[in-house]
Amino acid sequence: MVDGPIISARDVDFFYGSFQALKGISLDMRAKEVTALIGPSGCGKSTFLKLLNRMNDFVPGARLSGEIQVSGRSIYGPDSDPVSIRRLVGMVFQRPNPFPKSIYDNICYGPRLIGARKKADLDIVVEKALRAAALWDDVKDKLGKSALELSGGQQQRVCIARALALGPEILLMDEPTSALDPIATAKVEEWIKGADLSIVIVTHNMQQAARVSDHTAFFYMGSLVEYGPTMEIFTRPREERTENYITGRFG
């Protein structure tokens, strides 16, 4: 861990071909805090999220200017290794996507890819990751069963545990509760609030951002409109942003 922000973006422009999706984004995110990215559909928040572990590298015609640092390292520099970045910065997607494998093998998947082989070591990783995702007590007696047999909320926590098994410093979450029922959503939110790592979450739900995040970044049409402590933003919002949400323009 380095002193200063764990994530720092400076003058980030991002293009899909000729379309500019992000315009001059600059912000710093603190370690061991939850940062929410909010705004209307198509405003650039998910695009920005995916830049933080180079997921957009796979998009043909995508290009970036500016700089993004994670833990003091420029992640788009010439010596940057995308694989090591994705170990440092894990990701959980919108819909639960466990592999069609056992719960145990889901959690072991990443560690095995990087060379872990001893069952005793893997057992420790699995228990630690499932405990961290608040799922151990639910599944400890059925680790050999398919993860696809679990409820939607449990599947999403398996995906969280799978990401945590590699020991990331940062976890990115792209609308992680949008496909879940209210009870499962509450459990995931409870986990987010208690997690001992840096989290960046994209959400359309302003109430969710208010419940789980320490800082909030508001995106609109590819620009960063406002960024600051969540309670400050939600207690003293800009009039035009509030009106747009109330009228439903931002969905």
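Visitor: Which residue in β2 does Ser8 stand opposite?
Guide: That's Asp28. Bear in mind that this is a predicted model.

Visitor: And how many bridges join β1 to β2?
Guide: Seven, with β1 (residues 7–16) and β2 running antiparallel.

Visitor: What order do the strands take in that open sheet?
Guide: The order is β2-β1-β4-β5, four strands with antiparallel pairing. The edges are β2 (19–29) and β5 (73–74), each of which pairs on one side only.

Visitor: Switching topic: how many disulfides are there?
Guide: The count comes to zero. Take Cys108: the nearest cysteine sulfur belongs to Cys159, and that is 15 Å away.

Visitor: Is Cys108 buried or exposed?
Guide: Buried, with a relative accessible area of 0%. Cys159 counts as buried too, at 3%.

Visitor: Which residues of α3 are buried, then?
Guide: In α3 (residues 103–113) they are Ile103, Tyr104, Asn106, Ile107, Cys108, Gly110 and Pro111. A helix has 3.6 residues a turn, so positions three or four apart point the same way.

Visitor: What covers the buried residues of α3?
Guide: The cover includes α4 (119–132), α5 (136–139) and α6 (152–164).

Visitor: What follows α3?
Guide: Gly115 does, and its phi is positive, near 110°.

Visitor: OK, on to β8. How many of its residues are buried?
Guide: Five of five, across residues 198–202. Both faces are covered: Ser198, Val200 and Val202 sit on one side, Ile199 and Ile201 on the other. Side chains in a regular strand alternate between the two faces of the sheet.

Visitor: Which strands does β8 pair with?
Guide: One is β3 (residues 34–38), which runs parallel to β8 and is joined to it by four bridges. Another is β7 (residues 170–174), also in the parallel sense, over five bridges.

Visitor: Last one: which helix goes with β7 and β8 in the β-α-β unit?
Guide: That's α7 (residues 182–194), and the unit it makes with β7 and β8 is right-handed.

Technical notes:
Residues numbered from 1 in each chain as written. Predicted model: local features only at pLDDT ≥ 70, side-chain atom pairs only at ≥ 80, totals over all residues. Heavy atoms only, no water. Pairing = 2+ DSSP bridges. Helix = DSSP H or I, 4+ residues; strand = E, 2+ residues; numbered from the N terminus. Disulfide = S-S within 2.5 Å. Buried < 20%, exposed > 50% of the residue type's maximum accessible area, 1.4 Å probe, protein only. Contact = heavy atoms within 4.5 Å. Right-handed = clockwise from strand over helix to strand, strands pointing away.
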